[in-house]
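Take a walk through this model, one site at a time. Keep the sequence and the coordinates open side by side.

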Amino acid sequence: MLQVQDLSVSYGHASALRNVSLEINEGEIVAVIGPNGAGKTTLLKAITGLLKPKEGSVIYKDMVISKKPAHKILEYGISHVPQGRQVFGDQSVEDNLILGAFSIKKEKQKIQELMGREYERFPRLKERRKQLAGTLSGGEQQMLAISRALMSDPDFILLDEPSMGLSPIFVKQIFDTLLELKKLGKTIVVVEQLAMAALAISDRAYVLQTGEVKLHGVSKDLLRDNSLVKTYLGSA
Ligand SMILES: Nc1ncnc2c1ncn2[C@@H]1O[C@H](COP(=O)(O)OP(=O)(O)OP(=O)(O)O)[C@@H](O)[C@H]1O
Ligand SMILES: [Mg+2]
């Protein structure tokens with residue numbers, strides 16, 4: 001469904017990704033794990049058009065998207081839940097959801113349906129729909145960030161550290177949500193610091209370190225013999 005081919009990204013002269021290649025198949029959950037500064041966020045931003053690669057390409061459903069602007073990539077059905085959630089704090093929950101539907105803004109009925117679906121997924125958001133997003137708890141903001149991304153009705157969702165700063169109960173709820181989305185046929189890439197938990201819910205995984213893919217494979221296999229993963233994560 002998505003191929004990243006020999007992707008290199010730099011910030012000025014500083015290289016952040018070097019010759020990264022990966023492949024995501026339809027309906028999979030793929031985890032991207034790696035230590036701080038490995039280039040995980042850079043990778044997601046390059047896929048969603050927020051950063052332009054220096055070299056290499058991103059291909060989605062047989063279309064080269066690496067030179068397309070972010071709003072086009074969103075229209076193709078790729079949505080991004082950014083690191084640190086980045087909800088619009090001075091806007092209500094509901095307005096955040098409506099902003100998430102920007103790419104389908106003319107389809108009023110569909111927006112209402114999608115919003116109803118998100119309120120079913122996260123009843124807490126429904127209870128708090130008039131509340132300013134900045135006053136939600138961290139876990140609620142993460143729910144909102146996910147729902148906002150789903151308001152464009154994407155086929156392909158990238159999440160950047162959705163568990164960050166959350167209590168175990170919220171982490172479980174977020175991971176369960178990813179499994180439900182997979183059941184609905186969505187394709188998911190999830191960047192995670194909680195490497196073992198991410199391996200447990202994903203089909204395959206890539207380990208990034210200092211801007212390069214060091215290891216990839218079937219998550220179950222990486223979990224069974226996790227010494228290599230731990231070596232790259234620096235937590236052996
Ligand atoms: N806007 C920027 N300008 C300059 N350098 C940057 C910028 N954003 C990221 N970098 C650098 O690129 C490298 C990769 O950063 P990135 O944010 O992709 O890592 P990460 O794997 O997501 O880390 P973390 O787990 O801490 O979120 C780091 O060395 C970082 O300092
Ligand atoms: Mg990051």
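The model is predicted. Now place the two residues in the chain. Thr41 belongs to helix H1, residues 40–47. Gln83 sits in the loop between strand E6 (78–81) and helix H3 (93–100). The pair therefore ties together parts that are 42 residues apart in sequence.

Thr41 has a relative accessibility of 22%, so it counts as partly exposed.

Turn to ligand 1. How many residues surround it? There are 13, and the closest are Asn36, Gly37, Lys40, Thr41 and Thr42. Helix H1 gives the most to the shell, with three residues. Sorted by class, the shell holds seven polar, four nonpolar and two charged residues.

Some polar contacts can be traced atom by atom. A backbone N or O atom of Ala38 lies 3.1 Å from an oxygen atom of ligand 1. For Gly39, a polar backbone atom is 2.9 Å from an oxygen atom of the ligand. Gln83 uses its side chain: an N or O atom there is 2.9 Å from an oxygen atom of ligand 1. On its own, ligand 1 has 630 Å² of accessible area, and the protein covers 57% of that.

Now move to the strands. Strand E1 (residues 2–11) pairs with strand E4 (residues 55–60). The sense is antiparallel, over five bridges. Within this pairing, Val4 has Val58 in E4 as its bridge partner.

E4 also pairs with strand E5, residues 63–64. These two strands run antiparallel and are joined by two bridges. Which residue in E5 is the bridge partner of Tyr60? It is Met63. E4 and E5 form a hairpin, with two residues between them. In the turn, Lys61 has a positive phi of about 45 degrees. For reading side chains along such strands, recall that in a regular strand they alternate between the two faces of the sheet.

Definitions and conventions: Residues numbered from 1 in each chain as written. Chains lettered and ligands numbered in written order. Predicted model: local features only at pLDDT ≥ 70, side-chain atom pairs only at ≥ 80, totals over all residues. Heavy atoms only, no water. Helix = DSSP H or I, 4+ residues; strand = E, 2+ residues; numbered from the N terminus. Buried < 20%, exposed > 50% of the residue type's maximum accessible area, 1.4 Å probe, protein only. Near = heavy atom within 4 Å. Polar contact = N/O pair within 3.5 Å; in protein donor to acceptor, adjacent residues only side chain to side chain. Areas by Shrake-Rupley, 256 points an atom, 1.4 Å probe, with all protein chains shown as cover. Nonpolar A, V, L, I, M, F, W, Y, C, P; charged D, E, K, R; others polar. Pairing = 2+ DSSP bridges.
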